[in-house]
Amino acid sequence: MASCLVPGDRLVRSVGPGGELQPEQLPRKLRAELEAALGKKHKGGDSPGGPARLVPFRLIRDLHQYLREKDSTLYLHELLEGSEIYLPEVVKPPRNPELVARLEKIKIQLANEEYKRITRNVTCQDSRHGEILGDLGKQVRSVKALVITIFNFIVTVAAAFVCTYLGSQYIFTEMASRILAALIVASVVGLAELYVMVRAMEGELGEI
C-alpha cells in the first residue's frame, strides 16, 4: 500500500534556502522533518529504478494543514508539481520446497483419478455401443421421413397453386383474380395436407 511519494524538484527547492516555504515560517519540528525527508537518501535509491528520496504522506498532510491555518497563498498542489506516488515493489516470498513437492504429488493423483474415470466411461460406452447405434438409426429414419413429408407438402401446395393459376385463365381474364383463386385453392390443399400429417403423427405417437 502506498504511504510515501517521490518529491519533485519544486518541493525540494521550496524547503531549501530562498525557497517558497521560507516566508511561511514553518514550525521547527515540521521543517526539520521535511528537511530530513528531502535530504535523506532512501535505501532503495542506489538501485537503478529506486527513488532517491521519499516523503511520508503524514508530512504532506501536516504541511497542508499548516498552510490552510495560516491562509497562505501557496497551495499544496503547486508544491507537489512533479511529485509522484511511490509504490514499493512487492517481493514474493520463496516457495516452500515441501509444499511444492506435495502439490506435485496431489496433481499426479488427480491426473490418475481422472484417467481412471475416463477409461471407465469408455468401457461403459462400449457395452452400450450397439444400443446407441440402434437409437441413432431410428432417429435418422424419423428425420428422413419428416423431411420427405415436408417436401411432399411443399410440392403439393405449389402444384395446386400452379395448376389453379394456369387453369383459371379460361374463367378469369384478370391476373389478380387468377392469383387469388390459386391462393385459395393452394390454401385449401395445404390445410388438407396438414390435417393428414397431424393424423399420421398422432398415429405414430400412439404406437410409441
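In which helix do Glu 114 and Arg 117 both lie, and how many residues apart are they? Select them: both are in helix α5 (residues 97–127), three residues apart, about one turn of the helix. Helices here are DSSP runs of H or I with at least four residues, strands are runs of E with at least two, and both are numbered from the N terminus.

Before moving on, a word on the model. It is a predicted one, in which local features need pLDDT of at least 70 and side-chain atom pairs count only at pLDDT 80 or more, while totals for chains, interfaces and linings use all residues. Residues are numbered from 1 along each chain as its sequence is written, and side-chain values use heavy atoms, with hydrogens and water left out.

**Stop 1: salt bridges**

Stay with the pair on screen. Glu 114 forms a salt bridge with Arg 117, and their closest N and O atoms are 2.3 Å apart. The term stands for a side-chain nitrogen of Lys or Arg within 4 Å of a carboxyl oxygen of Asp or Glu. Glu 114 is partly exposed at 36% relative accessible area, and Arg 117 is partly exposed at 38%. On this scale, buried means under 20% relative accessible area, exposed means over 50%, and partly exposed is in between (1.4 Å probe, protein chains only).

Now select Arg 10, Glu 78 and Glu 81, which salt bridges with shared partners join into one network. The structure holds six salt bridges.

Next, pick Arg 31 and Glu 35 in helix α2. Their salt bridge has its closest N and O atoms 3.9 Å apart, and the two residues are four apart in the helix, so about one helical turn separates them. Is Arg 31 buried or exposed? Arg 31 counts as buried, at 16% relative accessibility, whereas Glu 35 is partly exposed at 40%.

Arg 58 is partly exposed at 41%, and Asp 62 is partly exposed at 30%.

**Stop 2: the nonpolar core**

Select Leu 21, Leu 26, Leu 30, Val 55, Leu 63 and Leu 79. These residues have the most contacts inside the largest nonpolar core, which has 18 residues. Such a core is a set of buried Ala, Val, Leu, Ile, Met, Phe, Trp, Tyr and Cys residues joined through side-chain atoms within 4.5 Å. Four helices each supply at least two of its residues: α1 (9–15), α2 (28–39), α3 (57–69) and α4 (76–79). The largest share, five residues, comes from α3.

Centre the view on Leu 63. Leaving aside residues up to four places away in sequence, Leu 63 touches Leu 21, Leu 26, Leu 30, Leu 34, Leu 76 and Leu 79. A contact here means heavy atoms within 4.5 Å.

**Stop 3: the sheet**

Colour the strands. Three of them form an open sheet in the order β2-β1-β3, with antiparallel pairing. At the edges stand β2 (55–56) and β3 (84–86), each with a single partner strand, so one side of each has no neighbour in the sheet. Strands count as paired if DSSP finds at least two bridges between them; β1 (residues 4–6) and β3 are joined by three. To see one of these, select Leu 5, whose bridge partner in β3 is Ile 85.

**Stop 4: along helix α6**

Select Phe 161 and Tyr 165, which form a stacked aromatic pair, 6.5 Å centre to centre with 5° between the planes. Rings of Phe, Tyr and Trp (its six-membered ring) pair if their centres lie within 6.5 Å; planes under 30 degrees apart count as stacked, over 60 as edge-to-face and the rest as tilted. The two residues are four apart in helix α6 (residues 129–167), about one helical turn.

Val 157 and Gly 190 are 33 residues apart in sequence, yet 5.6 Å apart in space, C-alpha to C-alpha.
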